[in-house]
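Please read the report below alongside the sequence and the structure. It goes through strand pairing, domains and chain contact in turn.

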Amino acid sequence: MTSATLRHAGWILRGNPLTGVAAAGIFFLTFVAIFGSWLVPYDPIVSDVAHSLMPPSAAHLAGTDQLGRDVFSRLVVAARLDLAIAVSAVGISFALGAVIGAVCGYTGGRLDRAVGRFVDVLMAFPLFVLAMAMVAALGNRIENIIIATAIINLPFYIRFARAEVNVRRNLGWVEAARACGDSHLSVVLRFLLPNVMPAMAVQMSLNLGWAILNAAGLSFIGLGVKPPTPEWGIMVAEGARFISTGKWWLVACPGLALMLTVLCFNLLGDGVRDILDPRMRT
Amino acid sequence: MSQPLLALRDLHVTFSTRRGLVEAVRGVTLCLDEGETLGLVGESGSGKSVTGFAITRLLDTAGRITAGQIVFRGQDITKLSSGDCRGLHGAAMAMIFQNPRAALNPIRGIGDQIADAIQAHRRMPREQARAEALDLLRAVQIRDPEKRLSAYPHELSGGMCQRVMIAMAVSCNPALLIADEPTTGLDVTTQKVVMDLLSGIAAERGMATILITHDLGLAARYCRRVVVMEQGRLVEEAEPKQLFRAPRHPYTRRLVAASPTATSRIADLAADDGDAQVIPMPAAPRPPRPPGTPPLLDVLKLGKRFDAGAAAVAEFSMSIGAGESVGLVGESGSGKSTTSRMICRLIDPSEGEISFEGQSIGDIPAREFHRSAFRKDIQIVFQDPNESLNPRFTAFDCIAHPLLRLSGMRAGDALGHRVGECAQRVGLPADLLSRFPHQLSGGQKARVGIARAIACGPRLLILDEPTAALDVSVQAVVLQLLDRLRREDDLAVLLVSHDLNVVRMMCDRTIVMRTGRIVEQGESRALFANPQTDYTRELVEAVPHIESGPVASSASA
């Protein structure tokens, strides 16, 4: 079975080599996030004012910042935090959204309408402003950034799961599951959700990139991770002050890291769907 | 006649797929004269539809005509550019598709759609086009044509939609009409009306017709000449009577043998697959049950309303004894599926009583019924095998599912053994058990569905149109299988179907339903031989039979 899965994944990658590139990129990023803090050449927090604002060189691959900290080390260490925020936020909104949406799509009726209107209200807010307000109200902590990001993503998962389940709820195999002794709840959780997973994987992959941008955005406006913790958004925010004096690397390097990460997640999306869906195998 | 209207010479069509090139049509040669009706018969995958699409040059992009000629009015149209093809569509040849509702634009009135078809080939003011559309609606016998002109497709029934499609197809008086399974999915009575109309209009306007169908009876009734296709090749060509009385090619012989007729019995349908299964032993006379035993299933005055609308089912009463088989027939919307689902306890009745072995089960809510001890006694086989298996379950998982849930088995050797046993009983090779549904053929999926239903040893099996989506040869095998299982296990069967031939062969008794009510019931053979109500008579007469031969197309009303 696993060899068939691998062969299938190989076929998908041959047809769409960018998926492979994206997967490699994300594999690399995960490696950096896990082991990066032991591998970096400098301590990302300790300042060294004697060597502040140095352009990229052999000693400092991405230069140093206004406090003389090594930008490259900070970039590498920041990967863990950014990725953790994105993965946990998307994980929470997926888990909640998929279950709520699937239950609504399956049962319909009053519950469905009530949840639907709630989602509409949530989506009527400018989502980033909503996240700002939540972090401002709850306090400037990492958990709260995760919660805020999860909540503004939630409506998309609810709607998506609801629509996907709704079109399948009258199919023969759903009724068959009930004739085989499954309760409604078990039909939703064990039959319908696994079937909508491939499509939701695309949504999750796209969303991970978006969640990273969102966390960086919150940090950029001062509502996220607090300095001196290394984080890509803060690094861009701090570096922005020096851009007029030609210290481009302070903004460009974390910006590039953000961009490439988001790009990898976006490219991965469709490939993941094709690999997960057994019907794509022949 | 100097030359035929249409001549195919050694036509080859190839599709490029993930597994490489697949030849769907391999050397078809046939010709068609002006005004002739030709039936193109074959099972799924025989290449009959691809041939039709190739003639109209409507193949999808993966398909290509790799060799041969299609000569239409002396011109080889395989060489035409797509621009020239557009001129051909509608004006010279038109096509009627399988699913009329999907072929019509859902957000445009039907009058406008017909007018569009007219104006695509003839310059005329909109008013005149709409007036012609009105005439066409009259010609296809749509009631209140003035009112229907501005109706949308969803406001019309399936049969009405197909009439609109016919109106569009004939709007520019094409010389050739290709009808691809035009009545699949329609009720028998609607099928008869639509086909009579189609052949009437074709005869009136002198159009040649190619009728692509899997239904031998339909082809026999409406075509002067029939060609049979198998795996992309043309295997036999003859007049229907001769073809069906004395088929020459072995494939045609198998196909004819598998098609149920007005008098055939289950055993008459020749088994198609090689693994010569022992087919029905003579039914041992059932030991009479002691008097006073309650029937297995007793239904009293069952009724169902959806959302305060009209009753979908009303006053439905019946009973089934152990080992008895009862057929439930009726047109779509007659409430037969709703009834079967209420009896299967998948939905709740609004009123009435259901008792199983003398115990009332009608008042257990459907959402609690999965805990009932009777859950494994009442099982169901669903209509479309393509939709009744979870795409993420292998065949093994599908069959094991009820065993895990209802028989309290745990994953292990015993389960594997039991699943293998079920698979063997339905004739599913053991090496297919690890496959996913999309890797199985329609007949294999049907077997998995049946194995799942019998896994827990039910005593009442509900069959919801079990063969509607299957080819005739597969249908024959599946029916024989079901009949054998019924006899072996002394299973009571409730067969829901719109196919009267199937019901007559399978069932001791038959119940005819219309708009939620029982109109007639009785012993199957007697009921079909001598129907007591007009409605049943209409149903019986609408079934096309092989031996009925072609009808004079002008005789249609």
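Strand 1 (residues 6-17) and strand 2 (residues 20-32) of chain B run antiparallel and are joined by ten bridges. Strands here are DSSP runs of E with at least two residues, helices are runs of H or I with at least four, and both are numbered from the N terminus; two strands pair if DSSP finds at least two bridges between them.

Strand 1 of chain B is also joined to strand 4 (residues 63-72) of chain B, again antiparallel, by eight bridges. Within that pairing, Val13(B) has Ile65(B) of strand 4 as its bridge partner.

Residues are numbered from 1 along each chain as its sequence is written, while chains are lettered from A and ligands numbered from 1 in the order in which they are written. Because the model is predicted, local features need pLDDT of at least 70 and side-chain atom pairs count only at pLDDT 80 or more, whereas totals for chains, interfaces and linings use all residues.

## A four-stranded open sheet

In chain B, four strands form an open sheet in the order 12-11-14-15, with antiparallel pairing. Strand 12 (311-320) and strand 15 (359-360) of chain B each have a single partner strand and stand at the edges, so one side of each is left without a neighbour in the sheet.

Strand 11 (residues 297-305) of chain B is joined to strand 12 of chain B by six bridges, and Lys304(B) stands opposite Val313(B) in strand 12. Helix 12 (residues 336-343) of chain B lies across strands 11, 12 and 14 (351-356) of chain B, running at about 125 degrees to strand 11; axes are lines fitted to C-alpha atoms, for helices over the stretch in contact, and angles run from 0 to 180 degrees between N-to-C directions.

## Domains of chain B

An automatic or database domain assignment gives chain B domain 1 (6-105 + 174-259) and domain 2 (296-377 + 489-544). Their contact takes ten residues from domain 1 and eight residues from domain 2 of chain B, where contact requires C-beta atoms, placed from the backbone, to lie within 7 Å.

## Contact between the chains

Chain B gives 25 residues to the contact and chain A gives 18 residues. On the side of chain B that touches chain A, the largest share, four residues, comes from helix 13 of chain B.

Conventions. Contact = placed C-beta atoms within 7 Å.
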